[in-house]
Amino acid sequence: MEISKKIVALLILLTSSCTQAQLGFCTGSKGDPVFNENFGNGTTYGPALPAGITNYPFVAASPNDGSYTLYYRTNLYSTWHDSLDHTPDSSNGINGKCLIVNANANTSGEFYRRTVTGLCINTTFEFSAWVMNVYNPGSGFCGASEKPINVQFEIWNDTETVLLGSGNTGNIMGTFSPNWQQFGIVFTTTSQTSVVLKMKNNGVGGCGNDLAIDDIIFRSCGDLTTIAQAGIPGDTLVLCPNQNTNSITLEATTTGTANYFYQWQTSTDGITWTNISGANSATYTTPNLTTQTFFRTKVAQDSANLGNDFCSTTSNIFTVSFYNLPPNSTSNGNITICSNQPIPALSVSADVTTGVNWYSAATGGTLLQSNSPNYTPTNAGTFYAETYDLSNNCINPTRVPVTLSIVPLPTATISGSTSICAGNTATISFNGTPNAIVNYTIDGGSNQTITLNSSGSAFITTPTLNTNSTYTLVSVISPTLSSCSANLSGSATVSVTTFSTISISGDSVVCSNAPATITLTNGTPNAIIHYNINGGATQTLPLNASGSAIISIPSVTSTLVYNFTSLTTSGANSCTQSLNQSFTISTVPLVTANLTASPLSVCSGTTSTLNFTGTPNAVITYTQNGGSNQTIQLNATGTASIVTSPVTAPTTYQLINVTLNGSSSCSQNVNDSVTIALTPAPTSNFTGNLNYCSGETTAINLTSNVVGTTFSWTVVQNGTTGAASGSGAIINQLLTTTTANAGTATYTITPIANGCVGTTRQITVTVHPLPNPIINDGVICLNSNSPDQSYTLDTNLSSSDYSFVWKFNGGVIPNATGNTYNATQIGTYTVVATNVITGCVSAPDSAVVTQSNQGESLIVTQTAAFDDNPIITVTVVGGDGPFLYQMNDLPFQSSNVFYPIAAGAYTITVIDERYCTYLTTEINIINYPHYFTPNSDGIHDTWNIKGVNSDARILIFDRYGKLLKQISPEGSGWDGTYNGQPVFADDYWFTIDYLENGAAKTFRAHFSVKR
């Protein structure tokens, strides 16, 4: 076939099919291969076949016509199938190879011969080989000219004088998917031990006559021998792994009438076989089996041939395998319950493919429950779950134990009721289930716990008690199961005899020779009080039924100390409590009191301090402006002071009485007073202007109703700067606005006179901004069509809010009072604006006006269509320049030349630096795409030439000059197909007939299809 044909090598796909052409195959049992050519493995080409095997040359690349290679894939050309060898990775290693032949385009004949040795005389053999036509008609390359493959197989004796067998494949056309086909010949040797295999190409070379060959095998062929269990059809047996009897008897059956000799073999993998000593009859009984084992028998008509794999045949393989041990169940946990709880179900988790039986023992035992992952026992104990496979009933021999424990309900009692005196302790006893946990409360409080010892008892000592206390049982919890508990009743109460703490009151201070009284209350009813006076003899005083008593002293002449030492309750079981309380009665002289104030005159709203003096610890009663009585107590030094409330009017404080604290009998009336007067507060006033223009200085004078008043101020600015806090009688500050709007400065004035601060006053000053006219330099643009041009100077201010004065080169322009001015002369213009409301005048602003000539038109020159480096040159007619040039939306450039430029339409824009010139024009660059990628991704999927005249004609050719497509520049373009099929990735040529500047032209070039 031609040199440019694309070739593909061999891959057996999952969708490939394998068929047997009936030249003849062995119908009986076959021996191990005498000869097996699989052409090796690897990802490189070759190696070349030994000399003399083929007359085709070897190439370590894609074979051309009349050559061959060895390779692990067949897709050596894009028109060939993408396939692996016939037995990828199974028999000759990873990346197995095959023989790939590109048939000669001019001749047919022998392309492979091989001498096969080691045969047995007078023996029947089978030759077989796998063949595939590697051409894929789906590529559309050959079309109707496709040639089939046709291979002739011949088996000759060793001298090549006797033809022992022959046949051919017939015509095999290319298929749309890889299709390996096996062909075979059965022949019988006579006296020779070697033969010659020849393969010939019956077809003439041409498009499609390309083939791949693999797995050439010679093996002996005999009568069919099959083995099976005696009386049981089939060649497999699957057993449970723990089945007791795993020995079986196999029987060999051979078709035919001759005498046959047998040699039984065994294998652990079905590949490597070992003779079984003494196993030479038609039946064989295996030993006990525990692992997967394969059996077969060799068969010969002469016992001497049993030792020669090439002169004997083998039976089918009988496989003994074992089911997997079913996955064992897992316990969902042992269960412990209380004796008062219902017995729950024990359970295991098992695989969905298994069932569960429950037994009373780890082995053997009684079946308690069948086919259930749950079992509910009737009493405590350990029970065993046995797992079996639901599909084959194979049993997992290890049973899973699950235990049920039942805990008895715990008990507890309490004791320890007794009576004690306040301040003592008692013992509470607990008894019950050993090691149990007892919950109890004290006086109904929160639960507390105590753990009984191993003898079932526990004790606690109460804290020191002063009130009755009750210990109550709540519940008891089992030491082995926290959920096993019982609620309890029962309590122990400790009764406490208590004492009341007596309260002592009376006259602690009296005037000399005055009577006094001591009162005892809140004591223990009917108890006896023991006491002494100034450490003297002990005396007793009974309390009444209310726990009270009174001690009366007729006249106190010196200090008396009453010491109370103990209290004893009444009744048979009396309790005595020590006391450590005392009451002292002191005598003092007659009490006195005086009053002063500082200062005596204050500012309105301020305070003064009242100073009281007199007898230490005395209580003074006084009034304010004759109002209700108020009191104050002097300290141990006889003084006290208070700060008045804010004074807003003259106020008089009058003393009324003085009494010794703790003695109602020691007091006297007093008559002393003080009056606090008011000092006048100043006010503030001002004179001066409150409106200023930005940059002016304030002049605000401050005055007051009180001579000698001083002033200070703070300030808050809004939109102004220059104001500051200060003091004095005049505010002089230069204020400036910070924005285009009016701002304010708010001063807060504080007057001060004679130490009194008057009421503050706020003064707000408004600062108006100066007008800000802004005029810009400009250009008077001149052109030949309109010589009288002007430039408008605009202040950007409103003529209704401002008045204007315009000047040219320093001189006032008459009648120029508007907010704009049209300048017709070149020179310097100045404007001053005045705010008609505030009268504020702006600073002068100036602008310079010049003139320039406009560009009038554009001349664009460009290179011819399809130029490899298109260039555009732009020339401006007229104008002063300098000019700036822009293509589409790219940045402006100073150069008038644009390159390189892709094909397409463009807009050229030209301006000058003074913005007098603005010119545009449209241009079109004609060129062609140098490649496109028709892969339906939406990018460069078609090829066309745009921008030429609509009736231009475009013709597309392959590299051999074949016309593939005619398109129009107005159409969608070429999609990279021919007759509905995608073309190969390659270079393609085109011609275009078009008009340029009215002249007919033709252009030729090529482009690429990329995939």
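## Salt bridges

Arginine 959 and aspartate 986 form a salt bridge, with their closest N and O atoms 2.8 Å apart; the term requires a side-chain nitrogen of Lys or Arg within 4 Å of a carboxyl oxygen of Asp or Glu. This pair links distant parts of the chain, 27 residues apart: arginine 959 is in the loop between β81 (953-957) and β82 (963-967), and aspartate 986 is in the loop between β84 (981-982) and β85 (987-996). Arginine 959 is partly exposed at 47% relative accessible area, and aspartate 986 is partly exposed at 26%. Here buried means under 20% relative accessible area, exposed means over 50%, and partly exposed lies in between (1.4 Å probe, protein chains only). Strands are DSSP runs of E with at least two residues, numbered from the N terminus, while helices are runs of H or I with at least four.

The count of salt bridges comes to 12. One network of them links Glu110, Arg113, Glu160 and Lys198. Because arginine 113 lies in strand β5 (residues 109-116) and glutamate 160 in the loop between β7 (151-157) and β8 (163-168), the pair ties together parts that are 47 residues apart in sequence. Arginine 113 is partly exposed at 24%, as are glutamate 110 at 25% and glutamate 160 at 30%.

## Basis of the model

This is a predicted model, in which local features need pLDDT of at least 70 and side-chain atom pairs count only at pLDDT 80 or more, while totals for chains, interfaces and linings use all residues. Residues are numbered from 1 along each chain as its sequence is written, and side-chain values use heavy atoms, with hydrogens and water left out.

## Disulfides

Nine disulfides are counted, each a pair of cysteine sulfur atoms within 2.5 Å. In one of them, the sulfur atoms of cysteine 120 and cysteine 311 are 1.1 Å apart, and the link is left-handed, with -65° about the S-S bond. Cysteine 120 lies in the loop between β5 and β6 (124-133) and cysteine 311 in the loop between β18 (293-300) and β19 (313-314), so the pair ties together parts that are 191 residues apart in sequence. Cysteine 120 is buried at 8%, and cysteine 311 is buried at 13%.

Cysteine 421 and cysteine 575 form a disulfide with sulfur atoms 2.0 Å apart. The pair links strand β30 (residues 418-421), which holds cysteine 421, to the loop between β44 (560-568) and β45 (576-588), which holds cysteine 575, 154 residues apart. Cysteine 421 is partly exposed at 25%, whereas cysteine 575 is buried at 4%. The disulfide of cysteine 603 and cysteine 756 has its sulfur atoms 1.5 Å apart, and both cysteines are buried.

## Nonpolar core

The largest nonpolar core has 36 residues, of which Phe127, Met199, Ile216 and Phe218 touch the most other members. Such a core is a set of buried Ala, Val, Leu, Ile, Met, Phe, Trp, Tyr and Cys residues joined through side-chain atoms within 4.5 Å. Leaving aside neighbours within four places in sequence, isoleucine 216 is in contact (heavy atoms within 4.5 Å) with residues including Phe35, Phe39, Tyr112, Phe127, Leu197 and Met199.

## A three-stranded sheet

Three strands form an open antiparallel sheet in the order β21-β23-β26, where pairing requires at least two DSSP bridges between two strands. The edge strands, β21 (330-331) and β26 (374-375), each pair on one side only. Strand β23 (residues 346-349) pairs with β26 over two bridges, and leucine 346 has tyrosine 375 in β26 as its bridge partner.
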